[in-house]
Amino acid sequence: MTSNAIYPERDDSFFIDASGLPQGSWEDNGQQLKLFVPKEFSFSENMKYLSNASNECLFHIEDDRIRKAVPIGRETPIIEISAEDDNALAVRFLGHTTPACQRVRAAVACYVSEWFDLETDLRPFYELASKDVLLHRAVSEFYGLRNVGIPDLFEALCWGIIGQQINLAFAYTLKRRLVENFGRSVELDGKQYWLFPEPHDIAALSFSDLSALQMTTKKSEYLIGVARSITEGTLSKEQLMATGDYKKAEKMLVNIRGIGPWTANYVLMRCLRFPSAFPIDDVGLHNAIKHVMGTEKKPAREEILKLSSSWTSWESYATFYLWRFLY
């Protein structure tokens, strides 16, 4: 059994510090890892959520198993995630992609843990939500659902920018075009496993390269601008986390061209895991509240502020659970 690990030096690939995994929260069995999950986790509920993304290009779901390529340093293991039992996830390395280095396997364990937000204690949220007019039905119907995240900052920012002012189906189409034109893939048993483009791949593009995918001129500018900020070192996940404050991190993000309050809060919620992140102007949130309340009109901002007044420090989870009624 293992818990603490030092990560191999990263190149341009996604990287996470695994030292935060609690003692005894996972086991390293070589070709297979075992991640222990809290009682307030349902693999089936999270699978239902992930399965709704019918045009997703970064993972495959088959026979209640998730398959995904995870770039760690210079390695790209392909993993299969399944429910070993009610208490654990099994993470199996496929083909010949099992990392020989224990530190890389530790990085994979941390990636999966962060993806499913396994370290967040949902008991206080469930206690709050059980008495809340908007949330009690959501936590009953979707018990065990986690705020399934986007651990890589660049991917989260791109997804937020791509999704601005378009429907979800077209957003997935644009994401697939971006990934399949500028990302890379690894093949196993005749199947392609795609990886999101690296910032330096997008930073080197011209606006016309992206507009050819049907990206608007402004979105093309925003994507390239964010990629350059990351490659130049003026923006990183570590810098945002170091603020230690939701409002400071939000301010850092909205100072970047193309990132308004909605995109900033989406990223703070799905990538940085700030519990108070709250995309209050999100159309999906408004429609979800309308659905729960059974009203004809979407709620006004003032009404949402009143309805959410008891959600302090759980705004992100409240939003995610309400979204689940629609997505």
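## Helix 11 against helix 12

Y246, A249, E250, L253 and V254 in helix 11 meet P261, A264, N265, V267 and L268 in helix 12, where contact means heavy atoms within 4.5 Å. Sorted by class, the residues of this contact are eight nonpolar, one polar and one charged. Here Ala, Val, Leu, Ile, Met, Phe, Trp, Tyr, Cys and Pro count as nonpolar, Asp, Glu, Lys and Arg as charged, and the others, Gly among them, as polar.

This is a predicted model: local features need pLDDT of at least 70, side-chain atom pairs count only at pLDDT 80 or more, and totals for chains, interfaces and linings use all residues. Residues are numbered from 1 along each chain as its sequence is written, and side-chain values use heavy atoms, with hydrogens and water left out.

Axes are lines fitted to C-alpha atoms, for helices over the stretch in contact, and angles run from 0 to 180 degrees between N-to-C directions. Helices (H or I, at least four residues) and strands (E, at least two) are DSSP runs, numbered from the N terminus.

The crossing of helix 11 and helix 12 is right-handed. A crossing is left-handed if the near helix is turned anticlockwise from the far one by less than a right angle, and right-handed if clockwise.

## Helix 5 against helix 6

Next up are helix 5 (residues 153–162) and helix 6 (residues 168–182), packed at about 135° with axes 9 Å apart. The pair is therefore oblique, and helix 5 passes helix 6 in a right-handed crossing. On the helix 5 side, E155, W159 and I162 do the touching; they meet L168, A171, Y172, L174, K175 and L178 of helix 6. That contact divides into seven nonpolar, no polar and two charged residues.

L285 sits in helix 13 (residues 283–293). With a relative accessible area of 0%, L285 is buried (buried means under 20%, exposed over 50%, partly exposed in between, with a 1.4 Å probe and protein chains only). Leaving out residues up to four places away in sequence, L285 touches F278, P279, I280, T319, L322 and W323.

Helix 13 and helix 15 (residues 315–323) have axes that come within 9 Å and cross at roughly 70°, so the two are roughly perpendicular. The crossing is left-handed. Helix 13 brings G284, L285, A288, I289 and V292 to the contact, and helix 15 brings T319, L322 and W323. By class, that is six nonpolar, two polar and no charged residues.

## Two positive-phi aspartates

D117 has a phi near 50°, a positive value in a residue other than glycine. D117 lies in the loop between helix 2 (102–115) and helix 3 (123–129) and is buried, at 8% relative accessible area.

D189 also isn't a glycine, yet has a positive phi of about 55°. Look for D189 in the loop between strand 7 (184–188) and strand 8 (191–195). With 73% relative accessible area, D189 is exposed.

Terms used
Angles under 35 degrees count as roughly parallel, over 145 as roughly antiparallel, 65 to 115 as roughly perpendicular and the rest as oblique.
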